[in-house]
Amino acid sequence: MARAIPEELLYVPIVVGMNAPDCERTWCEEKCLALVSHPDFTVRGNAILGLGHIARTCRALDIEKAVPAIQTALNDPHPYVRGHADSAACDLQVYLGYVVPGYDTQKTEDLYDAIQEVLRKNSSV
């Protein structure tokens with residue numbers, strides 16, 4: 001992070017988010033939150049995605065800090081960031097039972113319905 005090279009930074013939130021259960025969760029959150037306003041859209045988007053990974057892998061997240069970042073990302077000018085914000089908001093809804101204001105919860109319901117359909121088809125085979 002000290003070198004601030006976007007091509008390297010974009011991996012940081014993914015690595016810390018996926019490995020948060022093996023690290024201190026709040027440290028991982030701080031790393032992701034430090035990057036949510038980065039000028040590079042891939043770094044910004046991955047930082048938001050990293051927050052979703054933490055919610056999923058730790059079943060916990062500092063809502064007061066993470067939710068405003070995710071809300072802002074839902075309206076980001078770049079579709080890459082908005083897409084990862086949708087994923088993170090879905091993770092918060094599924095794993096923490098928290099609905100991010102501004103998130104279309106129908107997306108989570110549609111995903112759940114699709115999973116249930118696949119499970120039904122697989123169980124009848």
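**A walk through the model**

Author: Let's begin with Asp 40, which is partly exposed because its relative accessibility is 23%. Keep in mind that this is a predicted model.

Reader: Where is Asp 40 found?
Author: Asp 40 sits in the loop between α3 (25–33) and α4.

Reader: Okay. How far apart are the C-alpha atoms of Asp 40 and Leu 10?
Author: They are separated by 8.8 Å. Along the chain, Asp 40 and Leu 10 are 30 residues apart.

Reader: Now α4. How many residues does helix α4 have?
Author: Helix α4 has 18 residues and covers 41–58. From first C-alpha to last it reaches 26 Å. That is close to the 26 Å expected at 1.5 Å a residue.

Reader: Why is α4 largely enclosed by the rest of the structure?
Author: Because 14 of its 18 residues are buried.

Reader: And just after α4, what does Arg 59 do?
Author: Arg 59 takes a positive phi of about 55° there. Arg 59 has that positive phi although it is not a glycine. Its place is the loop between α4 and α5.

Reader: What about Ala 4, what is its phi?
Author: Phi of Ala 4 is near 60°, a positive value in a residue other than glycine. Ala 4 lies in the segment before α1 (6–9). With a relative accessible area of 45%, Ala 4 is partly exposed.

Reader: New topic. How many salt bridges does the structure hold?
Author: There are 6 salt bridges.

Reader: Go on. Which residue forms a salt bridge with Arg 44?
Author: That is Asp 76, and the closest N and O atoms are 2.9 Å apart. The pair links distant parts of the chain, 32 residues apart. Arg 44 is in helix α4, and Asp 76 is in the loop between α5 (63–74) and α6 (79–96).

Reader: Are Arg 44 and Asp 76 buried or exposed?
Author: Both Arg 44 and Asp 76 are buried.

Reader: Next pair. What do the side chains of Asp 91 and Arg 56 meet in?
Author: A salt bridge, at 3.2 Å from N to O. Asp 91 lies in helix α6 and Arg 56 in helix α4, so the pair ties together parts that are 35 residues apart in sequence.

Reader: Why does Asp 91 count as buried?
Author: Its relative accessibility is 10%, and buried means under 20%.

Reader: And the third pair?
Author: Asp 86 and Lys 107 meet through their side chains in a salt bridge, 2.5 Å from N to O. Asp 86 belongs to helix α6 and Lys 107 to helix α7, 21 residues apart. Asp 86 counts as partly exposed at 22% relative accessibility. Lys 107 is also partly exposed, at 38%.

Reader: Now the surface. Which residues form a negative patch?
Author: Asp 104, Glu 109, Asp 110 and Asp 113. Asp 113 is in helix α7 (residues 106–123). Its relative accessibility is 44%, so Asp 113 counts as partly exposed.

Reader: Which residues form a nonpolar patch?
Author: Leu 111, Ile 115 and Leu 119, with about 260 Å² of accessible area together. Leu 111 is found in helix α7. Leu 111 is partly exposed, with a relative accessible area of 42%.

Reader: Why do residues three or four places apart in an α-helix point the same way?
Author: An α-helix has 3.6 residues a turn, so residues with that spacing point the same way.

Key:
Residues are numbered from 1 along each chain as its sequence is written. This is a predicted model: local features need pLDDT of at least 70, side-chain atom pairs count only at pLDDT 80 or more; totals for chains, interfaces and linings use all residues. Side-chain values use heavy atoms; hydrogens and water are left out. Patches are made of residues with over 30% relative accessible area and no salt bridge: like charges are joined within 9 Å, nonpolar side chains (Val, Leu, Ile, Met, Phe, Trp, Tyr) within 5 Å. Accessible areas come from the Shrake-Rupley method with a 1.4 Å probe; for residues, only the protein chains shown count as cover. A salt bridge is a side-chain nitrogen of Lys or Arg within 4 Å of a carboxyl oxygen of Asp or Glu. Lys and Arg count as positive and Asp and Glu as negative; His and the chain ends are not counted. The place of a charge is taken as NZ of Lys, CZ of Arg, CG of Asp or CD of Glu. Helices (H or I, at least four residues) and strands (E, at least two) are DSSP runs, numbered from the N terminus. Buried means under 20% relative accessible area, exposed over 50%, partly exposed in between (1.4 Å probe, protein chains only). The expected span of a helix is 1.5 Å times one less than its number of residues.
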